[in-house]
Amino acid sequence: MFRSDLLRDKVIVITGGGTGLGRAIGERYLELGAKLAIASRRKDVLQTAAQEMTQNGGEVFYHPCDVRDPSQVTELFDAIYAHYGKVDILVNNAAGNFISPTERLSSRAVDSVLNIVLHGTFYMTLELGKRWIEEKKSGTMLNIVTTYAASGAGSGFVVPSAAAKAGVLTLTRSLAVEWAKYGIRQVAIAPGMFPTEGAWSRLVPSEEMGERLLNRVPLHRAGNKSELANLAAFLVSDEAAYINGEVVTIDGGEWLQGAGEFNELADLTNEDWDQLSAKMRSK
Ligand SMILES: CCCCC/C=C/C(=O)SCCNC(=O)CCNC(=O)[C@H](O)C(C)(C)COP(=O)(O)OP(=O)(O)OC[C@H]1O[C@@H](n2cnc3c(N)ncnc32)[C@H](O)[C@@H]1OP(=O)(O)O
Ligand SMILES: NC(=O)C1=CN([C@@H]2O[C@H](COP(=O)(O)OP(=O)(O)OC[C@H]3O[C@@H](n4cnc5c(N)ncnc54)[C@H](OP(=O)(O)O)[C@@H]3O)[C@@H](O)[C@H]2O)C=CC1
């Protein structure tokens, strides 16, 4: 689909790059010639991922970092600069989330999600943005949000995530304008359902719930990680250089399904329509 040198020698930092969607994005970037730095809290997960991801060549530097802690974020970039000498692209992918009635949440539970998603993304963005501005270097930042942020509707039962991801999207759009003069581009992706261990263990704890969610998707399937990875490759590449401040939704049409007043009529059979039509025409 892409030129094999699309991301040649680009140094790309991916938070949460050892698991799920972050890892899939990283694997695609490696195939396109990038050099990776992956960061998250669990060193053993990063180490295993880096080993497995480089089995066919390529370079993956890993460094443990809790993005909630600004001093660890500074240390992370110090380590990446010491290793690669530069960063070209940042993917803010790390997140925390779980379903819960909001009234059951403790303040620590709220903080745990807000601090990873909103504060962590902000700290990463700020630390690297300052470095790029000082170096007079251009670059691209890609933020992974969610459909309930991109639609503006939010969502019950994941309210800390909904509030934090909406904040990340606002960060994306605000800096797209403010930092354009430095050659720093901001983009976002809003994924719908992409089954991963991290998300499904916390958000889709039963098969029945998974089926119910899938039925909401007009294309009647979940997304493949490779589909999201291809979009993430295009958006950070120079081929997308004029896209700034946009969020691209990739959800099989799920959010639109919920938004259209009459979309549930898709469940009606031809016989149902024959009966309804006859009834309406008889009036
Ligand atoms: C289906 C379509 C997908 C929709 C969109 C998906 C979006 C995503 O973001 S998916 C990404 C999912 N991946 C992750 O969440 C990975 C990282 N998550 C975590 O590490 C934990 O889940 C975390 C967010 C809770 C953070 O972990 P940690 O910092 O270790 O926090 P603690 O375990 O100490 O818990 C802090 C606080 O939160 C309370 N809590 C934890 N889980 C729940 C829960 N399921 N329900 C209610 N409360 C919960 C926990 O009890 C602590 O509070 P206190 O007890 O008051 O101390
Ligand atoms: N899967 C899906 O259907 C959807 C996913 N998304 C988004 O996609 C992204 C990836 O999610 P997914 O791959 O499914 O889930 P994962 O749980 O696999 O990914 C979350 C990653 O974030 C890392 N992380 C969590 N907390 C921190 C922290 N404090 N500091 C550094 N890293 C941290 C985790 O690593 P560690 O625990 O080692 O720190 C993990 O690698 C997220 O932004 C999520 O919101 C959006 C919509 C749908």
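Which elements do the buried residues of H6 pack against? I took this up in the predicted model. The buried residues of H6 pack against H4, strand S5 (139–144), helix H5 (147–150), strand S6 (184–191) and strand S7 (246–250).

**Helix H6**

I listed the buried residues of H6. They are Pro160, Ser161, Ala162, Ala164, Lys165, Ala166, Val168, Leu169, Leu171, Thr172 and Leu175. I then checked the helix length. H6 covers residues 159–178, which is 20 residues. At 1.5 Å a residue they should span 28 Å. The end C-alpha atoms are 28 Å apart, so the span agrees with the expectation.

**Ligand 1**

I found 20 residues around ligand 1, and Gly96, Asn97, Ser106, Ala109 and Ala199 come nearest. Helix H4 (107–135) and helix H7 (197–203) are the elements that give two or more residues to this shell. Sorted by class, the shell around ligand 1 has ten nonpolar, eight polar and two charged residues.

**Ligand 2**

I repeated the search for ligand 2. Here 30 residues surround the ligand. The closest are Gly16, Gly20, Ser40, Arg41 and Gly198. The elements that give two or more residues to the shell around ligand 2 are helix H1 (20–31), H4 and H7. Which element gives the largest share of the shell around ligand 2? I found that H1 does, with three residues. By class, I noted twelve nonpolar, 14 polar and four charged residues around ligand 2.

**Cross-check**

I went back to H4. H4 gives two or more residues to the shell around ligand 1 and to the shell around ligand 2. Buried residues of H6 also pack against H4.

Terms used: Residues are numbered from 1 along each chain as its sequence is written. Chains are lettered from A and ligands numbered from 1 in the order in which they are written. This is a predicted model: local features need pLDDT of at least 70, side-chain atom pairs count only at pLDDT 80 or more; totals for chains, interfaces and linings use all residues. A residue is near a molecule or strand if its C-beta atom, placed from the backbone, lies within 6 Å of it. Helices (H or I, at least four residues) and strands (E, at least two) are DSSP runs, numbered from the N terminus. Ala, Val, Leu, Ile, Met, Phe, Trp, Tyr, Cys and Pro count as nonpolar, Asp, Glu, Lys and Arg as charged, and the others, Gly among them, as polar. The expected span of a helix is 1.5 Å times one less than its number of residues. A residue is buried if 20 or more other C-beta atoms lie within 10 Å of its own, exposed if 12 or fewer, and partly exposed in between; C-beta atoms are placed from the backbone. Two residues are in contact if their C-beta atoms, placed from the backbone, lie within 7 Å.
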